[in-house]
Amino acid sequence: MGKIQMFEKPLGMRDSFPKVNEQKEYIRSTARNFIRNKGYDFIKTPSVEYFETIGKASAIDESSLFKLVDNQGETLVLRPDMTTPIARIAASKLLKEKNPLRLAYYANVFRAQQREGGRPAEFEQLGLELIGDFSAYGDSEIIHTAVELLKTLGVESFRITIGHAGLLTALLTNNTNTMEQVDALRQLLVEKNFVGFEEKLENLGLLQEQKDNLTKLIDYTIDFKVFENFRPYLTNEQQYLIDQLEQLKRLLELQLNYPSIVSFDFSLASHMSYYTGMLFEIYAAGSGFPIGNGGRYDELFNQFDEKVGATGFGIRVDRLLEVLPKNDVKEKHTLLLFDEASYLKANVLAEARRNNAERVTLQFIASINDLEAYKRSFDEVLIVSEGGSLRE
Amino acid sequence: MNELTIAMPKGRIFEEAYQLFVEAGFNLPKEINDSRKLIVEAPEERIQFILAKPMDVPVYVEHGVADIGIAGKDVLLEQLRDVHELLDLHISNCYIATAGLPNTMMNEIAPRVATKYPTIATNFYKEKGEQVEIIELNGSIELAPMIGLADRIVDIVSTGQTLKENGLVEYEKIVDISSRLIVNPVSYRVKSERIRTFVAQLKNELIKR
């Protein structure tokens, strides 16, 4: 790397210019109202946490963590996600006061980028967590809320694909011989590398029956909606996984236009390793990347010595911006120009307009270098005279 | 039916892949004469082809400006892009191997490897636990050992003819390469029906071959 240029920012860091910032503010306030009406409480957590606790419990890969050292020599991380800090607060304090607990956040998270400097390493995430509920009703609430939230925000065309981390693990484990094989196959599914998956099946030395069973995971012709088809591949103790999904599907069908928005795919696997139950990804036309994801992560609480059910989702605000229809927040912005003589008059006039919820900038006219250029930033420009009259 | 955008690598792979599509029963224009065209329409199938440099195909697909792409496994291994790899098309088969002058050993003090594929080369030597210096070149890799820039090269081998003509021999095979059908993760969901049918039709033809 060469010498750092004066205007350069650290890799992956971005400024939000006024227009974009306004759009984010629109998303934040709309989402906040909607989510609060659903009974969720917003929460803030520190930007910096200990690596030993949050850093290790987080599902984000260690290589993506921003690390620093405090003056005691402890390793710190910039929070890579919000779910883990929220689990910490819930386990240490809030669950004792209220259980089940509904928490929401709008916060920036930090993930160092390996490739292509342009990708953001800090971005805002909007999400919610329902903690203290093991039931499918909780999962259904989360998915349903995600759908309604996107509609409220004005996202037109989006899809949610639902998988099940526990079911996938069961299907993989039943048809392989070692944990390493399970992990290798799962990783290929996370990458959606179907070619690699098939190759791996050949190389692992599995029985023909095992291979056939596993191939079903990546078969396009299989209708994942018919969960019954998967029962024969599960042991008796594992049947409850299908029951869970059946129940979730029934609940979703009651409220959602099922095939056009929500679909199931058991090969869906996540790089977020703390998911244990159902998990889902949200895709929207307009962004090449998933705009959000979520799922059930009961086991994360084991790390905080709690045994509770937890489910939630997070949406990336930067990707949301990409898929939202471009509607500039339109509001009239007036410029009042004054000189030495009209200073006081201009202040009075501006105050009156502002009380009327208008947006008014007051500016001493002689300070402006290029008046014509400056005027272009405003919808209306008025010059205040000594007597208080206005002219264009 | 949604419009599908397919990013294709220019050159030989394009011809082979296009032929494969035609044989799979897609109703595509007979001939694409104008090689300078960057976008080719196939209105009957509502498909749009983007002609790109092979190295750029995964970029278009990752960012979703193309739903589908055809890319060599070499490019995918080198760039590690976030795309779904759905089918092995079994065209342009070749492999990546190390090569060098015959009967030579790696320099013990400063072993150097020249390649167009720095990531693949780095990973290969890392796995073997050998410390080497990787020198990235953009073409004519075979030159490197001949003029003493590097002890080994890591490059694509299809027939071995180029190596032979330049007096080089193959040392270790690293990985098999062929063209793959890649899909953008969001298109895979948002246009799922369309893409599944497309892939299934292609797969049928591949099984026949």
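Strands and helices are DSSP runs numbered from the N terminus, strands being E runs of at least two residues and helices H or I runs of at least four. Two strands are taken to pair if DSSP finds at least two bridges between them. Strand β14 (residues 380–384) of chain A runs antiparallel to β15(A), and two bridges join them. Within this pair, A:Val384 stands opposite A:Leu390 of β15(A).

Residues are numbered from 1 along each chain as its sequence is written, while chains are lettered from A and ligands numbered from 1 in the order in which they are written. Since the model is predicted, local features need pLDDT of at least 70 and side-chain atom pairs count only at pLDDT 80 or more, whereas totals for chains, interfaces and linings use all residues.

Chain A is assigned three domains: domain 1 (11–157 + 285–330), domain 2 (168–260) and domain 3 (333–391). Such bounds come from an automatic or database domain assignment. Between domain 2 of chain A and domain 3 of chain A, the C-alpha centres lie 67 Å apart.

Helix α5 (residues 165–174) of chain A and α6(A) have axes that come within 9 Å and cross at roughly 130°. This makes α5(A) oblique to α6(A). Axes here are lines fitted to C-alpha atoms, for helices over the stretch in contact, and angles run from 0 to 180 degrees between N-to-C directions. Angles under 35 degrees count as roughly parallel, over 145 as roughly antiparallel, 65 to 115 as roughly perpendicular and the rest as oblique. The crossing of α5(A) and α6(A) is right-handed; a crossing has this hand if the near helix is turned clockwise from the far one by less than a right angle, and is left-handed if anticlockwise. Here A:Thr169, A:Leu172 and A:Thr173 of α5(A) meet A:Val182, A:Leu185 and A:Arg186 of α6(A). Residues are in contact if their C-beta atoms, placed from the backbone, lie within 7 Å. By class, this contact of α5(A) with α6(A) has three nonpolar, two polar and one charged residues. Ala, Val, Leu, Ile, Met, Phe, Trp, Tyr, Cys and Pro count as nonpolar, Asp, Glu, Lys and Arg as charged, and the others, Gly among them, as polar.

Helix α6 (residues 179–190) of chain A also packs with α7(A), at an angle of about 165° and with the axes 8 Å apart. That angle makes α6(A) roughly antiparallel to α7(A). The crossing of α6(A) with α7(A) is left-handed. From α6(A), A:Ala184, A:Leu185, A:Leu188 and A:Leu189 meet A:Gly196, A:Phe197 and A:Lys200 of α7(A). Five nonpolar residues, one polar and one charged make up this contact of α6(A) with α7(A).

Helix α7(A) leads on to the other chain. In total, 16 residues of chain A are in contact with 17 residues of chain B. On the chain A side, β7 (158–164) and α7 (194–203) are the elements that give two or more residues, and α7(A) provides the largest share, three residues. That side of chain A has seven nonpolar, seven polar and two charged residues.

β2(B) pairs with strand β3 (residues 47–52) of chain B in the antiparallel sense over four bridges, and B:Val40 stands opposite B:Phe49 of β3(B).

Terms used
Contact = placed C-beta atoms within 7 Å.
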